[in-house]
Every structure is written in structure tokens, then in C-alpha cells.
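Me: Can you walk me through this one, step by step? I'd like to start with what sits around the ligand.

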Amino acid sequence: MSASGDSILLLGESGVGKTHYGAQLLRRLMKRDCRLSMNGQATNLEPFQAALESLSEGRAADHTATSIYVDSVWPVSKEDGTSGQLIWPEYGGEQIKSMIESRHVPDAWRTRVQQADRWMLMVRLQQTQLDDDVLSRPLSDLRKAAPDNPPHQISDQARLIELLQMLTYVRSMSSPGVQPGSSRLAVLLTCWDELGFEGTPPEALKARLPMFWAFLNSTWITPTVMGLSALGRPLNPHTSDSDYSSQGPEQFGFVVTPEGERSPDLTWPIHLLLDEHNYQEAG
Ligand SMILES: Nc1nc2c(ncn2[C@@H]2O[C@H](COP(=O)(O)OP(=O)(O)OP(=O)(O)O)[C@@H](O)[C@H]2O)c(=O)[nH]1
Ligand SMILES: [Mg+2]
């Protein structure tokens, strides 16, 4: 880790689980039994305070207001004793949606993209839809009456590709000659517990979003695809899960490695992104 700070560009639309992951991560860092642990005073924890309290009571936290963007600074150390600062953002996911829809990257986001060379994209597969093709909607269906002027919508796969293409372009503007896949990228498939998928995270992504999968692999040499269940199980914002609150939220949640192994270490995806040895430069 660098002495100045490791800024991770955390990308995720609304409802993918950014806030719950942030709160659970914070708790794991403080518990100090994972690959990364907190070794000093964290600042700007206010945005996570409400989520930490809700989880302690066994309830889900609220959606983050669209206009919010706050960077929390967390002094962390690795098992080998090296230390640095992790800059973890909390923001309303509509900001990402609006960038995709307007095809415009606001100045503040432009700076963030240019300053961070480690990107973490959170995708909740259950929120994505695969458009019909000749297999899901055979040609015989075309004879049936089509709805009048169906609204044109860009598919979820195309939206994610569009987002990454915009951001790689913005990044290359600041450093000419930089290859599109030169930033480190980890894709986290969130809410893995509700997916009910038997295979590995890369297999899930390939099965669910094949075009996006092809784009990832043609742009990054080794994109990392992991599963994440920050909560470990669904929680309700209004009723408390008494088992959750009595055992403590730190007992719940897991990540799934690209090979399909489960681990309770929620700091693992970040450790992997920050680790120089786990990354191969794009050619
Ligand atoms: N089953 C399950 N649900 C989860 C998990 N993590 C988050 N959720 C639920 O997913 C919903 C969205 O989570 P948030 O963390 O608020 O999502 P967000 O990305 O911060 O969304 P915005 O604040 O709108 O940008 C909430 O209802 C959570 O209860 C998980 O690991 N498993
Ligand atoms: Mg949020």
C-alpha cells in the first residue's frame, strides 16, 4: 500500500449493496481478524453510522440520498505489517445511473476516475435483465402482435459496458497512451446469498451477462470476478432479525473467490485489488 492513500473507485448503481458492504467492511476492519485491519483513527464515519446501528439491531439500512458523496479515510494495515490509507466512498447510486443515461462524466467524477487506478464494480445480478434474443424469443413469436412503439431501452449489459467505456476513456484522457484495461478491475457480484447459483462467480457472470463478460475479457487481461454477500442473508428495514442482532453482524457475510470458495473475510476483495502480485499489467 502506498503511504499517501489507496483510493478505490467504487462503482455501483443504486441498490447493489454499497452502503451495507461499507458498514460490514468497517466492522470487519475494526475486529482485526481479516487480511486487512484498522490500525488508527478512521475519519468521516458519519455516513456509515446509521447503517452500523441498523445492522446491530438486525435491520437493513436505508437507501443513500442521491446527492451524497463522502470519502471516508481508513488507516489500514496488512498481515505483513505494511500500512496505508484506504479511501472508501459512500454515495447515492443514482449518480452512476445518471452518468450512463446522460453520457456525461461530471468534473468531480472525472477527477476520481483519473486518480484511482483500482476499480471495484458492484453488480447485483438479480437486478439485471437479459434482453430477449432468438433463443429466449424464437422467430415464431414474431408472428404474435408486438406492442405499439415499445419504449427503447438500452440493455443492462450495454449500460455496464457503456459505463466502463466512458470511464476508461476519461482515464486515458489524463494519461495519453494508457491502455483501456490498465486500471485494476474487480467485479463483485453482490447479494450472492439470494442468487442460488451453484457455480463460481465468473460462471455466474458469463451465464447471466454474456456480452458484458466478453467485453470484460477483451479489455482486461485478468479481470477478477468475486461473489459478495455483505449481510449473509436478507434483512428487513422494519423488522428486526433477533438472531442477527444477538450474534452480531460481524458473524455474518462472506465473499466467494473466483474459484468458488467461501470466506468470511470481507476485506479480501480489497486486499486482492491492492496487492501488486495479484495483478498482471495489460499488454
Ligand atoms: N440478501 C442480501 N441483501 C443485501 C445484501 N447487501 C445489501 N442487501 C440489500 O440490498 C438493498 C440495497 O443495499 P444498499 O447497501 O442500500 O445499496 P446501495 O448500493 O447503497 O444503494 P444506494 O444507497 O441507493 O446507492 C438493501 O435492501 C439491503 O438490505 C446482502 O448481502 N444480501
Ligand atoms: Mg447506499
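**Around the ligand**

By class, the shell of ligand 1 holds seven nonpolar, ten polar and six charged residues; here Ala, Val, Leu, Ile, Met, Phe, Trp, Tyr, Cys and Pro count as nonpolar, Asp, Glu, Lys and Arg as charged, and the others, Gly among them, as polar. Keep in mind that this is a predicted model, where local features need pLDDT of at least 70, side-chain atom pairs count only at pLDDT 80 or more, and totals for chains, interfaces and linings use all residues. Residues are numbered from 1 along each chain as its sequence is written, chains are lettered from A and ligands numbered from 1 in the order in which they are written, and side-chain values use heavy atoms, with hydrogens and water left out.

Me: Which residues come nearest to ligand 1?

Reply: There are 23 residues around ligand 1, where "near" takes a heavy atom within 4 Å. The ones that come nearest are Ser14, His20, His63, Gly93 and Asp193.

Me: Which helix gives the largest share of the shell around ligand 1?

Reply: Helices (H or I, at least four residues) and strands (E, at least two) are DSSP runs, numbered from the N terminus. The largest share of the shell is three residues, and they come from helix 1 (residues 18-31).

Me: How far is an oxygen atom of ligand 1 from an N or O atom in the side chain of histidine 63?

Reply: We're after polar contacts here, pairs of N or O atoms within 3.5 Å. Lysine 18 has a polar side-chain atom 2.8 Å from a ligand oxygen, and a side-chain N or O atom of aspartate 193 is 2.7 Å from a ligand nitrogen. For histidine 63, the distance to a ligand oxygen is 2.5 Å.

Me: What share of ligand 1 does the protein bury?

Reply: Accessible areas come from the Shrake-Rupley method with a 1.4 Å probe. Taken alone, ligand 1 exposes 640 Å². Of that, the protein buries 90%.

Me: Is cysteine 191 buried or exposed?

Reply: Cysteine 191 lies in the loop between strand 6 (184-189) and helix 6 (201-208), and has a positive phi of about 55° although it is not a glycine. Most residues other than glycine have a negative phi. Buried means under 20% relative accessible area, exposed over 50%, partly exposed in between (1.4 Å probe, protein chains only). At 18%, cysteine 191 is therefore buried.

Me: What is the relative accessible area of asparagine 44?

Reply: Asparagine 44 also has a positive phi, about 60°. This residue is in the loop between strand 2 (36-38) and helix 2 (46-56). Asparagine 44 counts as partly exposed, because its relative accessible area is 35%.

Technical notes
A polar contact is a pair of N or O atoms within 3.5 Å; within protein, one must be able to donate a hydrogen and the other to accept it, and residues adjacent in sequence count only if both atoms are side-chain atoms.
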